[in-house]
Amino acid sequence: MKRKVALIGPSTLMVSLPSKWVKKYGIKKGAEIEVEEIGNNLVVSLKESDKVTSKSIDLEKLDKSVYRLIGALYKKGYDEVSIKFNSSSQLNDLMDVLSKTCPGYEVIEHGSDHLKVKEVSKPKVEDFNNILKRCFLFLISVSEESLSVIKSDNITELNKVILKDSLINKYSDFCRRLLNKSIIEPSTSTSYYNIIEQLEKIGDSYRDLCSSVIQNKIKVNKETIQVYHEVNNYLKEFHDLFYKFNLEKVEEFLNRRSEIEMMLKSEIYKHGKDIQVLNHLYNILESTFNLNGSLMVINL
């Protein structure tokens, strides 16, 4: 939106605040707001202690979307959410999503047909950095453990690896929530968001890979195991680049994708039985490769 600059007195310049924003947050005459200079931008916000956003929703006509809806409201950054439900199954879904994701949310009110959840602690930049690091480490752990179990041919153990995906989801949701609450500099927040969303998708691909091996009782051949190893290493290469950015290493990272892609395609043509595993590995490779653009935006 555009605003005209007005001259007040001999030298004071003034810009009006958008009425929709003023009404939403109850800004009154004399209220204190924060004005922060970030590059050539001025960011106007409420004092952190005053900034409370809330949302009320009614689940009357919803079923399968309940789980995703609550997750979306959490990631959006709302401090308080009042929820009206109409059935025990909706309540079960609500309690399930709140227990598995949404760290920081607590149920502060529970009636026969409604819940109210509230953020009980204010996140900080260091919280974002710590949780993002955990997300990376858990994802790498899933990649290594799944390969180790598949090599040992003890596929029932893959169920334990699959359970870790819920932690990756929880960590990625928390990080995206903090980004939507503008806790990171706006110029890089979109790139961070993209990276975190891709990390979650990579976790989902490892989960689906493990499920395919279990359900179809696949005995993965040694050539596919080697491709698996290379894809896992590629993910670790990105992790290292993320925390120690180097343009020469980025060049190596981009070139490595082509090498692994050739290995993957060769195995897909030769081994029809392993094609499900190879397809999931290909998705992981592509998702990891696609992180490079956001990484460079953050660091350059």
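Select Tyr206 to begin: leaving aside residues up to four places away in sequence, Tyr206 touches Leu139, Val142, Ser143, Ser146, Tyr228, Val231, Asn232, Leu235 and Ile284, a contact being heavy atoms within 4.5 Å. The model is predicted, so local features need pLDDT of at least 70 and side-chain atom pairs count only at pLDDT 80 or more, while totals for chains, interfaces and linings use all residues. Residues are numbered from 1 along each chain as its sequence is written, and side-chain values use heavy atoms, with hydrogens and water left out.

Next, display the largest nonpolar core. Such a core is a set of buried Ala, Val, Leu, Ile, Met, Phe, Trp, Tyr and Cys residues joined through side-chain atoms within 4.5 Å; buried means under 20% relative accessible area, exposed over 50%, and partly exposed in between (1.4 Å probe, protein chains only). Of its 73 residues, Ile70, Phe128, Leu132, Tyr206, Val231, Phe242 and Leu281 touch the most other members. Helix H4 (residues 125–152) supplies the largest share of this core, 11 residues.

Now select helices H7 (residues 186–216) and H10 together: their axes come within 9 Å and cross at roughly 175°. Axes are lines fitted to C-alpha atoms, for helices over the stretch in contact, with angles from 0 to 180 degrees between N-to-C directions. H7 and H10 are therefore roughly antiparallel to each other, the term for angles over 145 degrees. Tyr206 belongs to this contact, as do Ile202 and Leu209 of H7, and among the H10 residues are Leu281 and Ile284. The residues of the contact divide into seven nonpolar, nine polar and one charged. Here Ala, Val, Leu, Ile, Met, Phe, Trp, Tyr, Cys and Pro count as nonpolar, Asp, Glu, Lys and Arg as charged, and the others, Gly among them, as polar.

Keep H10 (residues 275–289) selected. Its 15 residues should span 21 Å at 1.5 Å a residue, and the end C-alpha atoms are 21 Å apart, which agrees; the expected span is 1.5 Å times one less than the number of residues. Buried residues of H10 include Val277, Leu281, Ile284 and Phe289.

Move to Tyr269, in helix H9 (residues 247–270). Tyr269 counts as exposed because its relative accessibility is 71%. Its C-alpha atom is separated by 47 Å from that of Ser182, 87 residues apart along the chain.

Of the 300 residues, 41% count as buried.

Methods. Helix = DSSP H or I, 4+ residues; strand = E, 2+ residues; numbered from the N terminus. Parallel < 35°, antiparallel > 145°, perpendicular 65-115°, else oblique.
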